[in-house]
Amino acid sequence: MKTIPPIDVEQITKLIEEFIRIRVKESGLNGVVIGVSGGIDSAVVTTLAVRALGPERVFALFLPSGTTPSEDLADVTNLCKILGINLKVIDIQNIIHSVSTEIKEKEDSNRLEWMNLKPRIRQTIWYFYANKMNCLICGGGNKSELMIGYYTKYGDGAVDLLPIGDIYKTHVYQLAKYLKIPKKILMKAPSAGLSENQTDETEIGMSYDLLDAILFGLEHFQTESDIANLLEISIERVKEVKSMLYSSEHKRRGPILLKLGVRTPNIDWRIPLVEPSEF
Amino acid sequence: MKFQIALAQIKSFQADPKKNLDQIQKICSKSEIVSHSNTIVVFPELSVTGYLMHDDIFELAQPTPQGSYCEKLVKIASQNSCFIVAGMPESSLPGLIYNTAILVGPEGFLGKARKIMIPNHSVFNERRYFRSATQIGILDTPFGKLGLQICYDIFSPEVTRAHAFLGAHTSICISASPGIRRHYFEAFIPSRAMENTINLVYVNQAGIQDDLIFWGGSEARNAAGKQIVKLKYNEPDFGVITLDTEVVRQSKHFVPTLRDVPPWMYSKLELESREL
């Protein structure tokens with residue numbers, strides 16, 4: 001299996017730190033809130049945020065549910081201790097029960113709607129604390145997940161910044177090693193933790209190495225057959241990824257609206273992210 | 001002739017000419033500039049307004065040299081006895097905007113060059129706003145002839161070649177290049193200098209605007225391709241150098257490409273490219 005070329009971790013680390021610093025500064029807010037999960041992505045993002053802003057401006061929230069592996073709490077606690085940041089732990093299982101009771105629907109953690117409910121509850125709590133502490137929310141989404149839509153729309157996808165959003169999972173591991181993320185987190189099989197014994201690679205249907213190699217080929221305008229030949233895989237594997245790419249495009253865009261006016265939000269009414277001063 | 005050039009690699013404020021002109025003023029009043037009259041201080045592409053101003057450009061573009069940006073730059077040049085190259089959106093007829101570099105000195109406006117190659121690919125969206133220039137940017141200055149080009153112009157070797165053919169000893173390229181393009185520019189900068197035996201000064205934006213990081217890395221090469229200065233990557237930086245036109249003269253004897261290139265090739269190129 002061929003893997004994608006490595007990144008310059010030192011350089012990328014510096015750039016992402018600067019990105020976080022600038023976005024927080026230009027927002028005029030105090031710092032960032034990060035939903036930590038005990039996985040590698042949020043560990044990398046939290047570490048980068050601490051390097052960018054200092055530990056006193058990074059607030060970690062760990063929001064486990066009934067399907068969260070028990071070891072995750074210890075991993076998150078250890079990470080936050082190493083980074084010297086505040087960690088707040090809120091079990092969301094009772095909230096899920098309450099939703100089940102109030103909407104009169106039987107809870108089933110193997111069904112999509114119940115799986116997606118968890119990140120949407122988490123998102124609500126992240127924004128509560130982000131508002132309370134005047135912070136932005138940093139998400140842990142990486143390029144591999146984003147490009148195949150392996151996240152919950154308006155759940156873990158509802159954040160202000162995605163510092164590793166243009167970094168493939170393969171490269172997240174490279175960054176994690178450079179940033180000296182605890183080995184226990186590094187070695188853990190990636191999982192969204194939304195159902196019992198869930199792992200990303202089983203659910204996606206291929207390893208991140210293969211997924212990233214296919215996405216990398218598509219990103220660089222290679223044809224399906226070129227990618228299949230280069231990676232010595234069947235063309236169907238490439239088509240699977242392309243299919244995930246197209247079927248998830250609605251997640252990566254903002255809400256889709258019909259253009260009727262002269263200039264339209266999200267389409268062609270374009271202004272800078274910052275408000276300029278009067279000339 | 002020897003002359004001093006300052007490479008002012010800044011992070012421009014987006015759509016904020018007030019802050020940018022303040023920044024330009026501050027840099028031009030540095031002791032290295034004030035203590036050496038007639039230094040040419042080069043700022044990046046769209047340094048007066050910031051590169052990513054999006055639709056705010058329709059309010060920000062100004063006629064040049066009649067507009068207040070130019071007036072303010074002349075004032076700064078006059079106060080500090082320097083020359084300034086800076087970038088701004090230039091409005092012409094209603095609805096027509098150019099991506100323009102201007103040169104001003106203590107005595108006033110000296111000339112301008114409009115961007116020829118307007119990128120509309122990858123992260124670039126310039127054809128939404130800018131019209132392509134119809135002339136090569138070559139200016140008569142107290143330092144002799146200078147060529148001016150803007151960023152993506154350097155991807156077209158004909159622009160620097162034209163500067164050399166039209167008698168410029170130095171080509172100044174102002175830029176707003178995001179990181180993904182760095183290795184192209186770093187290959188083109190020495191190539192353009194060496195293949196045309198011309199001094200080449202490249203000044204880039206540095207730092208983050210919106211979701212782009214501009215890679216900085218401004219540099220100057222003499223006509224023999226020797227790197228005279230290299231500024232930091234990704235962050236604002238500043239460097240002052242002395243350039244010598246004598247190296248240009250010597251290089252032209254050693255590498256006489258301008259003598260050897262056959263003119264028929266250009267008419268052939270023109271004809272063929274029209275039919276593409």
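In which hand does α10(A) pass α11(A)? α10(A) passes α11(A) in a right-handed crossing. A crossing is right-handed if the near helix is turned clockwise from the far one by less than a right angle, and left-handed if anticlockwise.

This is a predicted model: local features need pLDDT of at least 70, side-chain atom pairs count only at pLDDT 80 or more, and totals for chains, interfaces and linings use all residues. Residues are numbered from 1 along each chain as its sequence is written, while chains are lettered from A and ligands numbered from 1 in the order in which they are written.

**Chain A overall**

Chain A holds 13 helices and four strands. Helices (H or I, at least four residues) and strands (E, at least two) are DSSP runs, numbered from the N terminus. The C-alpha trace of chain A spans about 55 × 50 × 45 Å along its principal axes.

Axes are lines fitted to C-alpha atoms, for helices over the stretch in contact, and angles run from 0 to 180 degrees between N-to-C directions.

| Helix pair | Axes come within | Crossing angle |
|---|---|---|
| α1(A) (residues 9-27) and α2(A) (residues 40-53) | 8 Å | roughly 65° |
| α10(A) (residues 208-219) and α11(A) (residues 224-231) | 10 Å | roughly 140° |

The angle makes α10(A) oblique to α11(A). α1(A) and α2(A) are roughly perpendicular to each other. Angles under 35 degrees count as roughly parallel, over 145 as roughly antiparallel, 65 to 115 as roughly perpendicular and the rest as oblique.

α1(A) passes α2(A) in a right-handed crossing. On α1(A), the contact uses Thr13(A), Ile16(A), Glu17(A), Ile20(A), Arg21(A) and Val24(A). α2(A) supplies Leu48(A), Ala49(A), Arg51(A), Ala52(A) and Leu53(A). Two residues are in contact if their C-beta atoms, placed from the backbone, lie within 7 Å. By class, the contact of α1(A) with α2(A) has seven nonpolar, one polar and three charged residues. Ala, Val, Leu, Ile, Met, Phe, Trp, Tyr, Cys and Pro count as nonpolar, Asp, Glu, Lys and Arg as charged, and the others, Gly among them, as polar.

For the other pair, α10(A) brings Ala213(A), Ile214(A) and Gly217(A). Asp226(A), Ile227(A), Leu230(A) and Leu231(A) come from α11(A). Five of the residues in this contact are nonpolar, one is polar and one is charged.

**Sheet and hairpin in chain B**

Six strands of chain B form an open sheet with mixed pairing, in the order β6-β7-β8-β9-β12-β13. Two strands pair if DSSP finds at least two bridges between them. β6 (138-141) and β13 (227-230) of chain B stand at the edges with a single partner strand each, so one side of each lacks a neighbour in the sheet. The twist averages 15° from one strand to the next.

β7(B) (residues 144-150) and β8(B) (residues 170-175) pair in the parallel sense over five bridges. Ile150(B) stands opposite Ile174(B) in β8(B). Helix α5(B) (residues 157-165) packs on the sheet and touches β6, β7 and β8 of chain B. The direction of α5(B) makes about 170° with that of β7(B).

β10(B) (residues 206-209) and β11(B) (residues 212-215) run antiparallel, joined by four bridges. Gln209(B) has Leu212(B) in β11(B) as its bridge partner. The two strands form a hairpin with two residues between them. In the turn, Asp210(B) has a positive phi of about 55°.

**Between the chains**

The contact takes 14 residues from chain A and 15 residues from chain B. The side of chain A that touches chain B has ten nonpolar, one polar and three charged residues.
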